[in-house]
Amino acid sequence: MFPTVARLELDDLLSQLVERAQDVLATQGRLRGLLQANRVIATDLRLPVLLRHIVEAATDLLGARYGALGVVAPDRTLEEFVHVGMTDADVERIGHLPTGHGLLGILIDDPRPRRADNISLDPASQGFPAGHPPMRTFLGVPITVRGEVFGNLYLTDKRDGIPFTAEDEELAQALAANAGVAIANARLYHEAQQRHLWMTASAEISRQLMIGADNTLAALAHRIQEVADAPFVALALCAGDRGDQGGAPADRRNETDHQNETDHQNGTDRGNDAGHARIAIAVTGADDTAAPDGRVGRLIPLEHTLTGRVIAEQQALRVDDAELDALPAERAARTGPLMVVPLVAGGDQCGGVLLIGRDRGARAFTDGDLDMATSFGGHIAVALELARARADQEHLRVLADRGRIARDLHDHVIQRMFAVALGMQDLAQYENPSNADRLNGYVEDIDATIKDIRRSIFELRGQGPTKRGRLRAALDKIAEDVRPALGFAPTISLTGPLDTVVDEQLTDHLLAVVREALTNTARHAHATGVEVQLAVDGDMVTLDAVDNGVGLGDSTRRSGLDNLRARAESLGGTFTATARSTGGTHLRWTAPL
């Protein structure tokens, strides 16, 4: 039998041994929990999923009822708040998630672990909003990624009802350190994925540009929308650059007529485009078809704009809140984060910019996003230059063929027709009067045909396909538009190198005069025939409109004719309106070339 005192001491020692063993078991269990939590947060590298795993692992490890992870924004507020423990009904009652004030704001400003036994009694507490579930105990630790604070881990209401301990704080810090490593890996994984998407898009669009595929610029804009997760994308090309006609040859062919109409509606003149960039394509929203609309063709001044700054400095720029130069006011009010990327193919020339924007309140672009977009812009700039060079080569080959055709027409066809006409004129001298008249009529027809061939030669030797044929096509369109009002098709003839020597401004005046002349004939002349003749006469262009109607009449209202006179005089030309002796009216409008 042990003495009583000795037995009591042994019992005490055994009790202490059991307590220590229980502490060891508890510590071992918590370490196992920490290892399990670390395994959980390392199972998925998708950042949104990873953040939720971190919060769930922390609440399980430390026995907290509620947990959250707040991502710190550059302005020291919470740009993202991932939470567990609250139901959807709780979130709906609260109305909005925390933005980083009160006790949460203290942890943002001073990123050190912080514990509170009673949140409501803490001096930094600002209380809970209506509908918020009651919370008492609090533990917050920062999460750092490569020495930079990424966010904070918040835990509240330990389930056993006791405050968080120093041991809880150490476990939370250990978990936060591992979470920082996992977040860094997730960011690297996301960046690698994004870089792969940008490189794939660059290769795809460059190939389409090189082969001259249709609607390449539209495909470019939509591809950037997908890769950058940005609802707005616009391509603006320097107005004085050859790329002002569009990025790809196919797009230039498809959009030339639309561009001319857009210039007319917007009151823009390509001769006054210096110091501007022109929108080649713009898309807004996932459902936009990227077809040319009111934004296409719009001029952006380079002075005092982000576009002008990027073109001048040839450095990409990102802002978190900006109004886009390329958007109408209703869209600009919704735009927040923005990247403006220069298109520099090499050397000192910047051909334009890419504007990539997200809606106001959306996630801001990062330096990594800007770097990848800049690399993409450089590849696209090179592809655009190569596509333009390829189109220029094709154009030169076409011009060479046209020159050969023009020479053959001049040296062979016209000379033979001229010889035939001379022979017929000589033969007519020895025929009876009736046959002589017929032969002279054939000679006049041959002469008219020679004039038509000469005009074709001038057009073949004229300027590029963008300008060539615009006058003829526009006149045919006017004749078709006025035909229902006239009741017959007007006759329109062109003589001389009109498409070669008549500039854009004079072309606009000529089209307006022809439309006014034909409209006046339809309204007042009661004619059964009208002919419009356009010709180059020395250093002047002349326009004659002759009808067989009732003549000028006695009306004193001549506003349409006054407009024609004012147009001619503004260019230094003349205008006359006379009655024909055989009936009808003869309008003559001239202007210097």
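Reader: How many aromatic pairs does the rule give?

Author: The model is predicted, so local features need pLDDT of at least 70 and side-chain atom pairs count only at pLDDT 80 or more, whereas totals for chains, interfaces and linings use all residues. Residues are numbered from 1 along each chain as its sequence is written, and side-chain values use heavy atoms, with hydrogens and water left out. Rings of Phe, Tyr and Trp (its six-membered ring) pair if their centres lie within 6.5 Å; planes under 30 degrees apart count as stacked, over 60 as edge-to-face and the rest as tilted. The count under this rule is three aromatic pairs.

Reader: Which residues do ring pairs link into a cluster?

Author: The cluster consists of F81, F138 and Y154, linked by ring pairs.

Reader: Why is C238 called buried?

Author: Buried means under 20% relative accessible area, exposed over 50%, and partly exposed in between (1.4 Å probe, protein chains only). The relative accessibility of C238 is 13%, so C238 counts as buried. C350, at 9%, therefore counts as buried too. Of the 593 residues in the protein chain, 43% are buried.

Reader: How many disulfides does a search of the whole structure find?

Author: The search finds zero disulfides.

Conventions:
Disulfide = S-S within 2.5 Å.
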